[in-house]
Amino acid sequence: MSQEINENLDETQAANEQNDQVCEQNEQNNESELESQLAKVKEDLIRATADFENIKKRLEREKADALKFANEGFARDLLPVIDALEIAANIDGSDEIAAMKDGINLTIEKFKKCFEKYGIKEISTDGEFNPEVHNAINYIESADLPSGSIAQVYQKGYTYNDRVLRPSMVVIAK
């Protein structure tokens, strides 16, 4: 009987050792699985933080642009007023009309100074046609001007903080 007990003890010890090995292997597998899950969660957190920072920066840029161009509609509405004044300043006539033209020219100059103060600038129409800031409404033959240059300006164009408020309407030389 003692031999039987010894055999049972040996079998039990062998089974316990085998169970211990299986448990250690399961613990190692669980540990490596948990480590990979932790690494994935850390990576996801880093990505989410980066996305949040990018969104935050984009919203700050959009807010700055919205503030920068908040008066664009108001500025656009003033352009016909200065156009009318410039047309009136170009009328020919008597001394009374000359005095009126002087007053109109002073008003135009004040408008232009105010425009500059708030970032509204006249688009240059000297030289070559630029489709980004000029709108060609006609072409004319010209021996005096090189092809592609601006021959005549029908309506001045303006920019507001370097954004085209209204393109210049021009005639291009062929």
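Trainee: Which residues of helix 2 are buried?

Mentor: They are E72, A75, L78, L79, I82, D83, L85, E86 and A89. Buried means under 20% relative accessible area with a 1.4 Å probe, protein chains only. Keep in mind that this is a predicted model, where local features need pLDDT of at least 70, side-chain atom pairs count only at pLDDT 80 or more, and totals for chains, interfaces and linings use all residues. Residues are numbered from 1 along each chain as its sequence is written, and side-chain values use heavy atoms, leaving out hydrogens and water.

Trainee: Thanks! What do those buried residues pack against?

Mentor: Their partners are helix 3 (95-117), strand 1 (120-122), strand 3 (150-155), strand 4 (158-160) and strand 5 (163-166). Contact here is heavy atoms within 4.5 Å. Helices (H or I, at least four residues) and strands (E, at least two) are DSSP runs, numbered from the N terminus.

Trainee: New topic: how many aromatic pairs are there?

Mentor: Two. Rings of Phe, Tyr and Trp (its six-membered ring) pair if their centres lie within 6.5 Å; planes under 30 degrees apart are stacked, over 60 edge-to-face, the rest tilted. F111 and F115 make an edge-to-face pair, 5.8 Å centre to centre with 70 degrees between the planes.

Trainee: Where do F111 and F115 lie?

Mentor: Both are in helix 3, four residues apart, about one turn of the helix.

Terms used. Buried means under 20% relative accessible area, exposed over 50%, partly exposed in between (1.4 Å probe, protein chains only).
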